Amino acid sequence: MDTPSVPRVNWLVTALDRIVAREGVGKIDLDRLLAFASNSKRQGRARRVAMDLVERGRPGTLAKLLPGWLDDPEFRADAIDQTAVAAQKALKSGKKDGARRQFRLAFENARDIEQARKGAAGLLDLGVEVSIARHLGFLMDWHLIGPFDSMGNKGFQLSYPPEKAVDLTAEMEAGGKKLRWKRYLVEEPSPRVNAKHVALVNLRESRALGDADDAVAFAYTEIVVAKDQKVEFRGAADDNFTVWVNGKRVFGFEEYRNGIRFDRHRFPAELKAGKNAVLVKVCQTPAPNPEPNWEFILRVVDESGKGLPMPAAEKK
């Protein structure tokens, strides 16, 4: 089962289930299975199958191991859930310092919004405020410009002035109107609110670009890193999604009325030491539009999916 091939694993799981049902767990070398399950370099699903068998023969084994697996690629979520439960128990017992430490561990190791939100909400109840968006590596400080005419849903293929060069002091003309770049800071919702997104760039907001139809918008930011590095960008947009990093087009996806979801698109990029430019292009369909969402999310992570908080370059 130590293979990324899902069909092959499915067949092997079926065969394994038959063997265990017939022979029982008692004849299995649980020590060898535990060693396999504990090896984070092995395939995740195979490790979990092995650990499930160990649990059947030695109940409680996983719970004892999870405190040390908060950064494990396969069992991280289980470890975080267990840590959050321990934090709640400590809080109910009046052990606030212990609860604070456990919530901090849960938050700092979280890789998704829901687990990060639970940790952040627990910390907030104890007087500690943290940012889920920044922890997950979302880009929060943008300049926006638009709407440009999409010419009948052709905006994804067409080229516009910001794609050639970005000058935040420039004035552009579109549809008889003068367009200028405007600053937009993402407003992060409280962790106590069950918001769908924590770092949404909503282009339809009045403080952004407002409503538009058959349109194209651009968002621009500059981030600073200490050294050259390879990273992964993750995000989504409605509608369509094009991203440039330091003038190089690193991603483009055309699909209308697709909605956005956490980490829908993933693509690699190289950042250089110092200032790096990120440009995003998002389209909007013509009227009538039953789904008028005009928005995007974008974050930066390492190869494991851990958010890399990227400070924005200082604005002059």
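A residue counts as buried under 20% relative accessible area, as exposed over 50% and as partly exposed in between, with a 1.4 Å probe and protein chains only; by this criterion, buried residues make up 46% of the 316 residues in the chain. The model is predicted, so that local features need pLDDT of at least 70 and side-chain atom pairs count only at pLDDT 80 or more, while totals for chains, interfaces and linings use all residues. Residues are numbered from 1 along each chain as its sequence is written, and side-chain values use heavy atoms, with hydrogens and water left out.

The chain holds 9 helices and 12 strands, taken as DSSP runs numbered from the N terminus (helices H or I, at least four residues; strands E, at least two). Strands pair if DSSP finds at least two bridges between them, and 6 strands form an open antiparallel sheet in the order β4-β1-β6-β11-β8-β9. Because β4 and β9 stand at the edges, each with a single partner strand, one side of each is left without a neighbour in the sheet. Within the sheet, β8 and β11 run antiparallel and are joined by 4 bridges, and Trp-244 stands opposite Leu-279 in β11.

| Strand | Residues |
|---|---|
| β4 | 182-185 |
| β9 | 248-253 |
| β8 | 241-245 |
| β11 | 274-284 |

Contacts, defined as heavy atoms within 4.5 Å, are counted in the chain at a separation of 6 or more, and residues 24 or more positions apart account for 71% of them. Along its principal axes, the C-alpha trace of the chain spans about 80 × 50 × 40 Å.
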